[in-house]
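Start with the sequence and the model.

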Amino acid sequence: MHDEKHEKALIVLIRRARDVLKANWQGNYTAPSVKQYPHQWSWDSGFITIGYSYFDEMRAKKELSSLLKAQWTNGMVPHIRYNPRYEHYFPDASFWHPLPDCAPEGVNTSCITQPPLATIGAFYFYINAVDMEEAKRFLKHLYPRLLGFHRFLYKERDPDGKDLVAIVHPWESGMDDSPAWKDILMQIDIPSGIADSYRRQDTLNVPAEERPEDEIYFRYIYLAELFKKEGYRQHRVVRRSPFLVYDVLFNSLLCRANECLIEIGRIVGEDTAELKEYLAATRRAIEKWLWNEEAGLYFSYDARSNAQIEKPSVASFSPLFAGVPGYEQAERLYAYIDGVCQCSLEESNSAVPSYPRCEEDFRSDRYWMGPVWANMNWIVYEGLKRYGYHHKALDIKESMLKLISRYGFYEYFDPIKNKGCGAKDFSWTAALTIAMCCD
Ligand code: GLC
């Protein structure tokens with residue numbers, strides 16, 4: 001009886017999630033949220049493709065194809081592909097102009113990147129496909145493009161030959177205002193007039209206290225302007241950027257993406273020796289540079305000051321998703337995830353917040369400084385499963401689904417005040433709801 005009720009509740013939730021994705025569908029891609037983020041975002045599209053892979057192969061294909069039309073000839077997949085229909089988003093397409101020669105013609109893009117979720121999405125597309133032959137044909141088309149992106153990351157973003165990829169902007173991590181970035185950002189001197197030159201749009205639909213503070217936000221803008229002055233030439237951007245970080249989340253997702261691309265390569269009959277080397281080398285490098293034995297956690301690494309950034313965000317657990325830790329390390333991560341300072345919302349809810357609430361700079365409703373996010377919980381859930389922590393994984397999944405069914409498909413959830421925050425009807429929350437319900 002209980003099972004039947006549970007099953008019915010899941011079916012209703014899946015239906016609601018599909019409605020959210022339908023409402024955000026733009027004909028060739030899915031806006032993360034039409035009001036707040038109307039364009040196509042790179043890692044969002046990867047998560048969204050994972051959701052579509054369970055029920056709509058055609059949309060999954062369109063989503064990835066649209067994203068890869070924005071790929072630069074140097075291999076970079078930009079973090080935003082702009083839709084000319086929407087003008088209410090800042091930074092708009094013209095903010096990044098002039099684009100360099102390697103940007104594609106006829107498509108407006110941003111000039112920085114995001115984690116290679118597209119590769120992971122492509123893999124899910126294949127494993128959940130019904131028409132395997134057609135899916136294989138599509139993978140053949142994708143493989144060189146995805147490989148081009150991975151090569152870009154290793155060639156252009158590994159300045160010290162550490163086999164770790166560096167990000168040059170907090171937006172590249174996906175966790176924009178993570179407390180991990182604050183000290184680095186606050187050391188950057190920015191021109192005093194910069195706040196008067198631009199008008200923030202992100203606080204029009206969402207309360208300002210849920211978004212990054214001005215002093216942080218205008219440093220994002222300053223960095224992007226700096227890259228423009230360097231003509232977006234990668235070696236110059238990497239040399240000049242005061243923000244240069246080996247992000248633990250980005251590198252873990254890259255490892256998982258390498259694994260997926262090796263599988264894709266095998267399916268389409270390509271030689272994947274190069275990818276196998278990338279995978280092994282980056283796994284070793286995460287161990288060497290990002291593991292902190294004392295804390296029992298992985299941290300990102302500031303390439304400018306040559307030191308780990310000892311901030312225990314949810315990104316610290318992402319190496320589980322990529323099979324990086326040994327079992328003893330996994331045990332320590334598990335203990336941390338299971339620890340009291342992680343618990344959120346009602347005591348019985350185990351969804352993992354983006355930042356632990358025992359930390360001084362925790363903010364329960366501010367973006368990546370504490371709220372619970374569905375994509376990060378999905379990553380932790382998959383990571384725990386990979387290491388055999390099935391009970392805890394299930395607990396996290398059920399907790400996340402409980403939040404979503406109770407409060408709605410919000411961008412994130414306040415773990416203290418019990419409410420949905422940020423954008424309503426957010427696409428990756430819906431897509432990963434489907435993935436979690438179907439798993
Ligand atoms: C916010 C998030 C980022 C996401 C984007 C679009 O900027 O921090 O991770 O890609 O919104 O949803």
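This is a predicted model: local features need pLDDT of at least 70, side-chain atom pairs count only at pLDDT 80 or more; totals for chains, interfaces and linings use all residues.

Q: Which residues of H4 are buried?
A: Buried means under 20% relative accessible area, exposed over 50%, partly exposed in between (1.4 Å probe, protein chains only). Helices (H or I, at least four residues) and strands (E, at least two) are DSSP runs, numbered from the N terminus. The buried residues of H4 are Leu117, Ala118, Thr119, Ile120, Gly121, Ala122, Phe123, Tyr124, Phe125 and Tyr126.

Q: How many aromatic pairs does a search of the whole structure find?
A: Rings of Phe, Tyr and Trp (its six-membered ring) pair if their centres lie within 6.5 Å; planes under 30 degrees apart count as stacked, over 60 as edge-to-face and the rest as tilted. The search of the whole structure gives 34.

Q: Tyr246 and Tyr301 form an aromatic pair; how far apart in sequence are the parts tied together?
A: The pair is tilted, 6.1 Å centre to centre, with 40 degrees between the planes. Tyr246 lies in strand E3 (residues 245–246) and Tyr301 in strand E6 (residues 301–302), so the parts tied together are apart by 55 residues.

Q: Is Tyr246 buried or exposed?
A: Its relative accessibility is 0%. Tyr246 therefore counts as buried.

Definitions and conventions:
Residues are numbered from 1 along each chain as its sequence is written. Side-chain values use heavy atoms; hydrogens and water are left out.
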